[in-house]
Amino acid sequence: FPGLALGAHIGKTLTVTDNMLMAAAEILPLLISDKDVAAGLVYPSLEDIRSLSAEIAAAVIKTAADDGHAGEEAAEQAAAGHEQLLEWVRKHMFTPTYSRCAACHSPACRLSLPTLHATCMSICVQLRSMLVACC
């Protein structure tokens, strides 16, 4: 659950409680769209992962605040109501932007994500073998 981790992180919780896990699990089926239900999905579609994660994070923070496990700012946001908490969560979410190629840093490069993934995997395999060889 990316939303669970997001909620625990920005909520500045020192622990992830059973109640926080239940909050994440209980909100998830409520986020399944009619389209997803019609398609026979039991989990929401990943097309909306950012909005799903924000909703789950808000539920986790609200529960953490109710149980006294949230940081001061997160508890204040939770007390202000769902919409304000949700907006606060969204403001804290990382938004990736890819203005240049991650591999060569050239704005003209058009390496695809699968190509970058394959390159990264190759580097990881090489690093792993080097670590095994030296240790």
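This is a predicted model: local features need pLDDT of at least 70, side-chain atom pairs count only at pLDDT 80 or more; totals for chains, interfaces and linings use all residues.
Good morning. I begin with a pair of helices: α5 and α6 pack at an angle of about 140 degrees, and their axes are 6 Å apart. Axes here are lines fitted to C-alpha atoms, for helices over the stretch in contact, and angles run from 0 to 180 degrees between N-to-C directions. Angles under 35 degrees count as roughly parallel, over 145 as roughly antiparallel, 65 to 115 as roughly perpendicular and the rest as oblique. α5 and α6 are therefore oblique to each other.

Residues are numbered from 1 along each chain as its sequence is written, and side-chain values use heavy atoms, with hydrogens and water left out.

Which residues meet between α5 and α6? Glu73, Ala74, Gln77 and Ala78 in α5 meet Gln84, Leu85 and Trp88 in α6, where contact means heavy atoms within 4.5 Å. The residues of this contact divide into four nonpolar, two polar and one charged. In this division, Ala, Val, Leu, Ile, Met, Phe, Trp, Tyr, Cys and Pro count as nonpolar, Asp, Glu, Lys and Arg as charged, and the others, Gly among them, as polar.

Now to the chain as a whole. There are seven helices and zero strands in the chain; helices (H or I, at least four residues) and strands (E, at least two) are DSSP runs, numbered from the N terminus. Buried residues make up 31% of the 135 residues. Buried means under 20% relative accessible area, exposed over 50%, and partly exposed in between, with a 1.4 Å probe and protein chains only. Among contacts between residues at least 6 apart in sequence, 61% join residues at least 24 apart.

Two residues of α6 illustrate such separations. Gln84 lies in helix α6 and, at 42% relative accessibility, counts as partly exposed. Gln84 and Ala58 are 26 residues apart in sequence and 9.7 Å apart in space, C-alpha to C-alpha. Leu86 is also placed in helix α6, and Leu86 is buried, with a relative accessible area of 2%. Not counting residues up to four places away in sequence, Leu86 touches Ala54, Glu55 and Ala58. The C-alpha atoms of Leu86 and Ser51, 35 residues apart along the chain, are separated by 9.5 Å.

I turn next to the core. In soluble globular proteins, nonpolar side chains tend to be buried together. A nonpolar core is a set of buried Ala, Val, Leu, Ile, Met, Phe, Trp, Tyr and Cys residues joined through side-chain atoms within 4.5 Å. Of the 25 residues in the largest nonpolar core, Ile61, Leu85, Trp88 and Val89 touch the most other members. The elements that give two or more residues to this core are α1, α2, α4 (49-66), α5 (72-79) and α6 (82-92). Which element gives the most to this core? α4 does, with eight residues. Leaving aside neighbours within four places in sequence, Ile61 is in contact with residues including Gly7, Ile10, Ala74, Leu85, Trp88 and Val89.

In α1, Gly3, Leu4, Leu6, Gly7, Ala8 and Ile10 are buried. The buried residues of α1 pack against α2, α4, α5 and α6.

α1 is followed by Lys12, whose phi is positive, near 55 degrees, although Lys12 is not a glycine. Most residues other than glycine have a negative phi. Is Lys12 buried or exposed? Lys12 is exposed, with a relative accessible area of 61%.

Thr13 is in this loop too, but Thr13 is buried, with a relative accessible area of 13%. A polar atom of the Thr13 side chain lies 3.3 Å from the backbone oxygen of Thr15. Outside four places in sequence, Thr13 touches Ala8, Met20, Ala64, His69 and Ala70. Thr17 lies in the loop between α1 (2-10) and α2 (18-27) and is buried, with a relative accessible area of 15%. Not counting residues up to four places away in sequence, Thr17 touches Asp67 and His69. Thank you for your attention.

Methods: A polar contact is a pair of N or O atoms within 3.5 Å; within protein, one must be able to donate a hydrogen and the other to accept it, and residues adjacent in sequence count only if both atoms are side-chain atoms.
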